[in-house]
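Hi,

Here is the structure I promised to pass on. Have a look at it first, and then read on for what turned up in it.

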Amino acid sequence: MIAVMAATNGLDRYPVDDHGNLEHYPSRIPVWGRLRPEQDQAWSEGNEPFAATLTLVTGPRGRTTPYFVWRDTAGLTYPMFMTDLLDVLMCKLVDRGTVSGLWQVRKRGQNYGLALAPAELAGAS
């Protein structure tokens, strides 16, 4: 059974660094009690599903949970929650750490991560 949990939470933008990489956590918003203006944070222009081929790069441990980092063919990186990796493994063919699909960013708590777009999950049920 495939859990169709990768809803994008109605997310209309997400934090990116100066190079356009998706940030797992906004780097320029409240930092240890110091508030930095939100306008310092770079944000995406939107959150539309996009097609990409991704290669698994690493699996660092965050403050509370491990996550995975993927790189696209343009060199941009995207963190992914462990639960969303399970959807990828159940719905897509991963060949030597590389997978193609339709992707969209989602938010869980204060963190952001890439997930299969809902259309990919609906087609796999």
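This is a predicted model: local features need pLDDT of at least 70, side-chain atom pairs count only at pLDDT 80 or more; totals for chains, interfaces and linings use all residues.

Now the overall picture. The protein has seven strands and two helices, and from the N terminus on they come in the order β-β-β-β-β-α-β-β-α. Of its 125 residues, 38% count as buried. The accessible surface comes to about 7300 Å², and carbon and sulfur atoms account for 54% of that. If you take the contacts between residues at least 6 apart in sequence, 59% of them join residues at least 24 apart.

In soluble globular proteins, nonpolar side chains tend to be buried together. Here the largest nonpolar core has 21 residues, and those with the most contacts inside it are Y14, L54, W70, V88, W103, V105 and Y112. At least two residues of this core come from each of β3 (50-58), β4 (67-72), β5 (77-81), α1 (82-91), β6 (98-108) and β7 (111-116).

**Helix α1**

Which residues of α1 are buried? They are D84, L85, D87, V88 and C91. These residues lie on the same side of α1, because they cover an arc of only 155 degrees around the axis. An α-helix has 3.6 residues a turn, so residues three or four places apart point the same way. On the face of α1 turned away from the buried side you will find L86 and M90, which are exposed.

**Two strand residues worth a look**

V69 is in strand β4. Its relative accessibility is 14%, so V69 counts as buried, the cut-off being under 20%. Leaving aside neighbours within four places in sequence, V69 is in contact with T55, L56, V57, T58, P60, T77, Y78 and P79. From V69 to L54 is 15 residues in sequence, and 9.5 Å in space from C-alpha to C-alpha.

T77, one of those contacts of V69, has its place in strand β5. T77 is buried too, with a relative accessible area of 18%. With neighbours within four places in sequence again left out, T77 touches N21, L22, V69, W70 and R71.

**The other salt bridges**

Another joins K92 and E120, whose closest N and O atoms are 3.3 Å apart. K92 lies in the loop between α1 and β6, while E120 is in helix α2 (residues 118-124), so the pair ties together parts that are 28 residues apart in sequence. K92 counts as partly exposed, at 23% relative accessibility.

Then there are D95 and R96, whose side chains meet in a salt bridge at 3.7 Å, N to O. Are these two residues buried, partly exposed or exposed? D95 is partly exposed, with a relative accessible area of 45%, whereas R96 counts as exposed at 79% relative accessibility.

Over to you, and enjoy looking around!

Conventions. Residues are numbered from 1 along each chain as its sequence is written. Side-chain values use heavy atoms; hydrogens and water are left out. A nonpolar core is a set of buried Ala, Val, Leu, Ile, Met, Phe, Trp, Tyr and Cys residues joined through side-chain atoms within 4.5 Å. Buried means under 20% relative accessible area, exposed over 50%, partly exposed in between (1.4 Å probe, protein chains only). Helices (H or I, at least four residues) and strands (E, at least two) are DSSP runs, numbered from the N terminus. Contact means heavy atoms within 4.5 Å. Accessible areas come from the Shrake-Rupley method with a 1.4 Å probe; for residues, only the protein chains shown count as cover. The arc is that of the directions from the helix axis to the C-beta atoms. A salt bridge is a side-chain nitrogen of Lys or Arg within 4 Å of a carboxyl oxygen of Asp or Glu.
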